[in-house]
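Visitor: I would like to learn how to read aromatic contacts in a model. Please walk me through them.

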Amino acid sequence: MTRNVDLAMYVRALPLYARNLGVLFPPLMAALIAIALMYVGTWFFAASGGAGIGIIALLINIMYGFAFGISLIFADDAWRHERASLPSAWNDGRRKAGNILIAVIGFFFLTWVARYIGAMSGSSYIALALGALALWAFIYAIPAAAIGGTPGGASLSASLQAARRQPLATAILVIVCLIVWIGLTQYAVQWLPFNEIGNEIAVALLTAIALGYIALVVAKQYSDLAFRPYW
């Protein structure tokens, strides 16, 4: 039998976030590095018409994924002890770096495949539905590697099993994460009053804020699914 859905955690995550702002630091660093990489990449690949920008974008996504893994470790520590240590999370993340990176690559690949198959149907709604379904199935892959210590190759299977144990709770988690992500990185950025570089820095900060909150709620949900008994 599955446990009740914990809706209160989405509210409790807010004051916890305020006490542990370090959770947004890894994705913020990744976002700032991403800005620099895109500037350098645009200049470097200008002669080839930007042919290598896709490689830069892939590296940036992997970097974001690894930073998110560090934030998950930090977030899990924050839920357990009220205060978390960023150096401790970084050291733990470095030890698990191989598994986290494999989980990140697998997550991005499978969600991309789902969206690509949906796009081939010619319907944006099908593409969106398949992308959301892939996110539902593999949302615990990175926390499984970062928090649970699951080998990277097994993290995708572990995520699917966890999602199937708690389908409703996982669906709510996906919806909340998408609302936070889209709200801060797509809608809020439309109101930024800065110039080009100022706007990019503000977008980086909003991205980090979104990923920090997402890390907190995903870490809590995964810990509840993975480490607590069900009866």
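**Reading the aromatic pairs**

Guide: This model is predicted. Start with a group: F109, W112 and Y116 make up one aromatic cluster.

Visitor: How many aromatic pairs does the structure hold?

Guide: Five. Take W112 and Y116: their pair is stacked, with 5.2 Å centre to centre and 20° between the planes.

Visitor: By what is a pair of aromatic rings described?

Guide: By two values, the distance of the centres and the angle of the planes. For W112 and Y116, the 20° between the planes falls under the 30 degrees that counts as stacked.

Visitor: Which term describes the pair of Y140 and Y222?

Guide: Tilted: the centres are 6.2 Å apart, with 40° between the planes. Y140 lies in the loop between helix 6 (124-138) and helix 7 (141-146). Y222 belongs to helix 10, residues 196-227. The pair therefore ties together parts that are 82 residues apart in sequence.

Visitor: Are Y140 and Y222 buried or exposed?

Guide: Both are buried.

Visitor: What lies over the face of W79?

Guide: K220 does, at 5.6 Å from the ring centre.

How values were computed. Residues numbered from 1 in each chain as written. Predicted model: local features only at pLDDT ≥ 70, side-chain atom pairs only at ≥ 80, totals over all residues. Heavy atoms only, no water. Phe/Tyr/Trp six-rings, centres within 6.5 Å; stacked < 30°, edge-to-face > 60°. Helix = DSSP H or I, 4+ residues; strand = E, 2+ residues; numbered from the N terminus. Buried < 20%, exposed > 50% of the residue type's maximum accessible area, 1.4 Å probe, protein only. Lys NZ or Arg CZ within 6 Å of the ring centre and 35° of its normal.
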